[in-house]
Amino acid sequence: MKALISLLICLMLFAAAAEAKLTTDDLARIDRIRTKAIDLFTSGEYEKAIPLFEEILVIDPDDNISNRYIKIFNIQVIEPYCQKAAKAYFSKNYPQAIAEWENILKLYPKDQRISTLIDETITY
């Protein structure tokens, strides 16, 4: 029985060590980046903050704080532009729809879906 318990403890320790991939340097770097990213985000400088949160996710893909801020950005900042663009598009006000999508690209230039929508609307 003692051997089984020892084996289980060893397996648990091994599993925990395998999950702890981040070094103390990684954690310190994440902390520095996160502090700057949150300051930028709260001051409304989303175009500077989001790439920093994405940088954190490269180091630690499971970072809940960065994921949460990116979700907040998408919901609070991007979504209203999407709604305005959709309303303009379905009202056949294509220049307004394109303008709203361009606002999104200014905030989040990596979103290729928006570029596609603009291109398709221009050719429509």
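Predicted model: local features only at pLDDT ≥ 70, side-chain atom pairs only at ≥ 80, totals over all residues.
Some ground rules come first. Local features were taken only where pLDDT is at least 70 and side-chain atom pairs only at pLDDT 80 or more, while totals for chains, interfaces and linings use all residues. Residues are numbered from 1 along each chain as its sequence is written, and side-chain values rest on heavy atoms, with hydrogens and water left out.

The overall picture is a chain with six helices and zero strands. Here helices (H or I, at least four residues) and strands (E, at least two) are DSSP runs, numbered from the N terminus. Read from that end, the elements go α-α-α-α-α-α. Of the 124 residues in the chain, 30% are buried; buried means under 20% relative accessible area, exposed means over 50%, and partly exposed is in between, with a 1.4 Å probe and protein chains only. As for contacts (heavy atoms within 4.5 Å), residues 24 or more positions apart account for 39% of those with a separation of 6 or more.

Helix 3 (residues 46–59) packs against helix 4 (residues 64–90) at an angle of about 145 degrees, and their axes are 9 Å apart. The axes are lines fitted to C-alpha atoms, for helices over the stretch in contact, and the angles run from 0 to 180 degrees between N-to-C directions. The crossing of helix 3 past helix 4 is left-handed, a label used if the near helix is turned anticlockwise from the far one by less than a right angle (clockwise would be right-handed). On the helix 3 side, the contact is made by Tyr46, Ile50, Phe53, Glu54, Ile56 and Leu57; helix 4 brings Ser66, Asn67, Tyr69, Ile70, Phe73 and Val77. Sorted by class, that gives nine nonpolar, two polar and one charged residues. In this sorting, Ala, Val, Leu, Ile, Met, Phe, Trp, Tyr, Cys and Pro count as nonpolar, Asp, Glu, Lys and Arg as charged, and the others, Gly among them, as polar.

Some of these names come back in the largest nonpolar core, which has 28 residues. Such a core is a set of buried Ala, Val, Leu, Ile, Met, Phe, Trp, Tyr and Cys residues joined through side-chain atoms within 4.5 Å. Phe41, Ile50, Phe53, Phe73 and Trp101 have the most contacts inside the core. At least two core residues come from each of helix 2 (24–42), helix 3, helix 4, helix 5 (94–107) and helix 6 (112–123). Phe53 itself touches Ala37, Ile38, Phe41, Ser66, Tyr69 and Ile70, leaving aside residues up to four places away in sequence.

Next come the charged pairs. The model has three salt bridges, counted where a side-chain nitrogen of Lys or Arg lies within 4 Å of a carboxyl oxygen of Asp or Glu. Asp63 and Arg34 meet in one of them, at 2.3 Å from N to O. Asp63 sits in the loop between helix 3 and helix 4 and Arg34 in helix 2, so this pair ties together parts 29 residues apart in sequence. Both Asp63 and Arg34 are buried. Arg29 pairs with Glu55, the closest N and O atoms being 2.9 Å apart; this bridge runs from helix 2 to helix 3, across 26 residues. Arg29 is partly exposed at 35% relative accessibility, and so is Glu55 at 29%. Glu45 and Lys48 form a salt bridge too, with 3.1 Å between the closest N and O atoms. Glu45 is partly exposed at 27% relative accessibility, as is Lys48 at 47%.

Asp60, in the loop between helix 3 and helix 4, is buried with a relative accessible area of 16%. Asp60 touches Leu22 and Ile30, not counting residues up to four places away in sequence. Asp60 and Lys21 are 39 residues apart in sequence, yet their C-alpha atoms are 8.8 Å apart in space. Lys92, by contrast, is exposed at 61% relative accessibility and is placed in the loop between helix 4 and helix 5. Its phi is near 60 degrees, a positive value in a residue other than glycine. Most residues other than glycine have a negative phi.
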